[in-house]
Amino acid sequence: MKVLLVEDEPDLGVQVSRALTAAGHVVELRRDGTAALAALKVEHFEALVLDVNLPGCSGLDVLQVAHALRPRPVVLLLTARAEVGDRVAGLNAGADDYLTKPFAMAELLARVSSMGRRGQGGAAESVLPGGSLRLDAQRRRVTLGGQSIALSPREFDLLAIFMQAPGRVFSRDELCERIWERSHDYDTRTVEIYIMRLRKKLDGPGAPTIETVRGCGYTMKLPCGGPGG
Amino acid sequence: MRACSLKLQFALLSAVLAVLALGLAGAVLLPVVRHRQLYDLDEQLARDAAVLQGIFAAKEAEILAGTPGVVAGLLPPNLRLRYLEVEALDGRVLHRSGNLRGLDLTGEVGRAHPATIAGQAARLRTARQGELVLHVGTRLGTLDKTQRDLAMSLLTVLPLVVLGAFGGGLLLGRRAVRPIAALTAAAETISTERPGDRLPVPPTGDEVARLTEVLNRSFDRLQRAYEAAARFSADASHQLKTPLAVMRAGVDALGKMGGQVPEVQAEVEVLRRQSRRLTTMVDDLLLLAQVDAGRLELESGPSDLQPLLERVWEDLEALAAEQNVSVERSWPEALPCHADPRRVALILQNLLENAIKYTPPGGRIRGVATAGAAGVECRIANTGAPIAAAQCEAIFERFHRSGAGENVPGHGLGLNIARALARAHGGDLFLDRDEAGWTTFVLRLPRAPAG
């Protein structure tokens, strides 16, 4: 996708730009609102990654201009503030998604590509296939080879994270970050316990496996030759 | 104090003052009137004596001779009802009027004085005519009756005056309080809805106008402080979180570059965990800054505590098994309340983290929740070293660390934040020490929106 990244913090701008480029996007980086508006005038972008707090004019002003463009670019807002008012204002002004600083780069990349799919008219998938395992995110149900398996709320959340990106290595901390909004003292240990339980419940023919990558974290492997992925 | 009671106080005070005024009037009026009447009576007696002196002067010898009936025959009709005694200088009684019934009258010549005749108050005047001494007197009956009438009429008007004063006081009180009531309503609107507005200053220049000006200045100061706090919260968010975001992105990039080299990934993981801890700490402090500025925003709506509790309880059970702590739970299928689920999850997480932290191996943790018409009550209890009564409130203070648990992790903001969030919901969080051997935290959340 062609992405316009607007971020006034130079280091962060370069980091995000590098990561987006590595993920296969074409990135234009601008440092303030005025430059962003100028870029929007001359070029078309499919996606905007926009810091709310900008010098020049605010991110919400840029968002308003972007919202009026046709075809409309999808917009991911970045902000330091997790306050309700800001989030609601951003989403009301037409942002497609919202990410609070600091964020995991993998999370940003996942959001950008999922927004892109939606922008192209693809519906957000609610059923994730993984071998003989199917996860229905909306109804919160998991079946293995057609048989429903009972997962606790946390086990379900954890499985959904793995199934959104099979093959990706997740560190324990990244998993914690996704499950709990706030870090707590025992979270990494708790994640290990949940992974052990999940492995036991997913023990069946054609089921994906959650493997430990020594020193790095965990990854979900789809069964060889199985459908989906 | 409410406006109506101020009015009532005003009216009551008026009534009391009216009673006092009337009492004072009576206390002054009654003696003055009595004094005046006595004076008139004495004058009258003096005139009567003078008339009798005139009449007796011509017949002095005859009277002195003691012939009975002489004096009675000489009396003019208008003086026949008076007490009258005529004596000779040597004390011989020459005449006594019938109404004296044989009583002896005495007195100093030329002066009026009080006397009691046949048990009744009377006034006497003594005069001398040649060899004769005259005692002329009259009863004070009419005078006493006037006094009684006067007192009676004062008492009769008393309730009317009290009622009038009370009503008038009420009316005046309302008139005086009305601008204050209006001021209160306007101030309430400003403090809750429109902080930028100011109270209209009445052009009267009176006490209310001055009060209004003072209030407006206070509002100015409050608004400046509020805006400064709000700016701090926003600025601090940006200033603290942006470098965190850069560090975090850098750690992610390093992790990616490091590939699957365990030594590199272990270091990256440590950095990532610490940056997460730092982020949590910053979030907590910003949240408390919002609480202090009175601008904590909640995304409240009809919620169910049950699924939130289920998840947090699951975390607890996973850990408890490891630490040889047994857990018990009891709550219904649904726990309806009016709350912001994200914030409530935070409260529960803090409570359970606290419980697992302070329960020794072999101990127990118990969760009980009930739903009622008023809202939800959730009791999280654990066994362990009891919390001293004096510490009951201290444990909710910022950066409070229990003396018994110096080696337990955490930064001492958890309970403070949990309580602030519970109260922002219109609920509460407190410690219950009633059950021996158990430390119980009670969380209450309302069923209906606060306020």
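Which residues does Val109(B) touch, not counting residues up to four places away in sequence?

**View 1. Val109(B) and the residues it touches.** This is a predicted model. Leaving aside residues up to four places away in sequence, Val109(B) touches Thr126(B), Ala127(B), Arg128(B) and Val133(B). Take Arg128(B), one of these residues. Arg128(B) and Val109(B) are 19 residues apart along the chain, yet 6.5 Å separates their C-alpha atoms.

**View 2. The loop that holds Val109(B).** Val109(B) sits in a loop of chain B. On one side of the loop is strand E2 (93–96), and on the other is strand E3 (112–117). Is Val109(B) buried or exposed? Val109(B) is exposed, because 11 other C-beta atoms lie within 10 Å, and the cut-off for exposed is 12 or fewer.

**View 3. Chain A as a whole.** Chain A has eight helices and 12 strands. Of its 229 residues, 42% are buried. Now take the contacts in chain A between residues at least 6 apart in sequence. Of these contacts, 55% join residues at least 24 apart.

**View 4. Where chain A meets chain B.** Here 39 residues of chain A are in contact with 42 residues of chain B. On the chain A side, the elements that give two or more residues are helices H1 (10–22), H4 (84–92), H5 (105–119), H6 (153–164), H7 (172–179) and H8 (187–201). H1(A) gives the largest share, five residues. What kinds of residues make up the side of chain A that touches chain B? They divide into 17 nonpolar, nine polar and 13 charged.

How values were computed. Residues numbered from 1 in each chain as written. Chains lettered and ligands numbered in written order. Predicted model: local features only at pLDDT ≥ 70, side-chain atom pairs only at ≥ 80, totals over all residues. Helix = DSSP H or I, 4+ residues; strand = E, 2+ residues; numbered from the N terminus. Buried ≥ 20, exposed ≤ 12 C-beta atoms within 10 Å, placed from the backbone. Contact = placed C-beta atoms within 7 Å. Nonpolar A, V, L, I, M, F, W, Y, C, P; charged D, E, K, R; others polar.
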